Amino acid sequence: MMRHTLIKRELFGTNQCASSPCVNGNCINQGESYQCQCKNGYEGKNCDKMTVNPNYCKNQNWWASFDNKGWSTCNNDKLFITGFYRNTLGSWDKDEIYRLEEAKCCSSNSLYRNQQSECKNANWWDSLDRKNTWSLCPIGYFLNGLYRTGGNNLHNIEEGKCCKPVNHPKRYGHCYHEYIRYKFDKKGWTTCKKTGYYVVGVFRDHNKDWLHDIDYLKCCKMWT
C-alpha cells in the first residue's frame, strides 16, 4: 500500500492546493507549485492583499465652471479628487483661482465599490482667509468639489464638497502631506503621488492670497 502511494505521488505530484493557500480566490494546482485566481478586489500571490487602486478615474472639466461663482465638482458623488490641473501662472502678484481648470476624480477602492455616498459641505469661509492654515474635509470624508465666490483670490474658495462611501468609517487608513509648493506654481497636474490616496484638504502658506499659495495637499487612503 505504501509503495502504491509513493508511485502515485511520483506520477501525479502532490496537491499544492490542499492547504487552501488562496485566501480570497481559487487555487490551481501546478504540480510543484500553485497559482491563485483572485476575486475582484484582491491581489498578491495568495490573494490576501486588498486592491487599493481606484477602479476608475476621469479628468473632470472645470474650464468654464471654476471661472464663475458656484460649485465645481466631480459630477458624481461616488468619485473623489486625487489632484488638480492648473493653467499657466499669471504672475507672482496675480495668480487668479480661475486658472484651476480640471480635477482628477477617481472611484473608491474595491472594498467600497458601487456603494452610495454621503456628502457634507466643509466650511472654509474662515480657514482659507488665514495664512498657515489647513482647510480640511470632516474626518473620513474625501474631497469631491469646491465652491467659489465672485473674487479671484485664494480666499474666494469658500467650501469643499466632501463625500465618502456610506459604509466607510469616520477615519482614514493612512494620511500624508504632499508638498506641492513648487510644482503648483507651474502649468500641469499636481496629484497625490501615492497610489490609492485621495485629497482631503489643502494648506495655505504664509505668503500672499493666490492660487499658487497652496503649499500642501493632505492625501489619505480609505480604511480597509
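**View 1. E118, with a relative accessibility of 30%, counts as partly exposed, and its salt-bridge partner is K164.** The model shown is predicted, so that local features need pLDDT of at least 70 and side-chain atom pairs count only at pLDDT 80 or more, while totals for chains, interfaces and linings use all residues. Residues are numbered from 1 along each chain as its sequence is written, and side-chain values use heavy atoms, with hydrogens and water left out. Buried stands for under 20% relative accessible area, exposed for over 50%, and partly exposed for what lies in between (1.4 Å probe, protein chains only). The side chains of E118 and K164 meet at 3.7 Å, N to O, where a salt bridge requires a side-chain nitrogen of Lys or Arg within 4 Å of a carboxyl oxygen of Asp or Glu. This pair links distant parts of the chain, with E118 in strand β9 (residues 117-123) and K164 in strand β12 (residues 157-165), 46 residues apart. Helices (H or I, at least four residues) and strands (E, at least two) are DSSP runs, numbered from the N terminus. K164 has a relative accessible area of 3% and is buried.

View 2. Within it, D95 forms a salt bridge with R86, and the closest N and O atoms are 2.7 Å apart. Both D95 and R86 are buried. Across the whole structure, the search finds 9 salt bridges.

**View 3. A salt bridge between the side chains of D93 and K208 has an N to O distance of 2.2 Å.** D93 lies in the loop between β7 (80-86) and β8 (100-106), and K208 in the loop between β15 and β16 (214-221), so the pair ties together parts that are 115 residues apart in sequence. D93 is partly exposed at 48% relative accessible area, and K208 is partly exposed at 44%.

**View 4. Aromatic rings pair in this model, and the count comes to 15 aromatic pairs.** Rings of Phe, Tyr and Trp (its six-membered ring) pair if their centres lie within 6.5 Å, and planes under 30 degrees apart count as stacked, over 60 as edge-to-face and the rest as tilted. W62 and F66 have ring centres 5.7 Å apart and planes at 25 degrees, so the pair is stacked. W62 is buried at 1% relative accessibility, as is F66 at 0%. For Y176 and Y197 the ring centres are 5.3 Å apart and the planes stand at 75 degrees, so this pair is edge-to-face. It links distant parts of the chain, with Y176 in strand β13 (residues 174-179) and Y197 in strand β15 (residues 197-204), 21 residues apart. Y176 is buried at 13% relative accessible area, and Y197 is buried at 10%. One aromatic cluster is formed by W134, Y179, Y182, F203 and Y216.

**View 5. The charged end of K194 sits over the ring of Y176, 4.5 Å from its centre.** The criterion is that NZ of Lys or CZ of Arg is within 6 Å of the ring centre and within 35 degrees of the ring normal. K104 lies over the face of W189, at 4.9 Å from the ring centre.

**View 6. The chain is assigned domain 1 (14-51) and domain 2 (57-221).** These bounds come from an automatic or database domain assignment. Taken over C-alpha atoms, the centres of domain 1 and domain 2 are separated by 39 Å.
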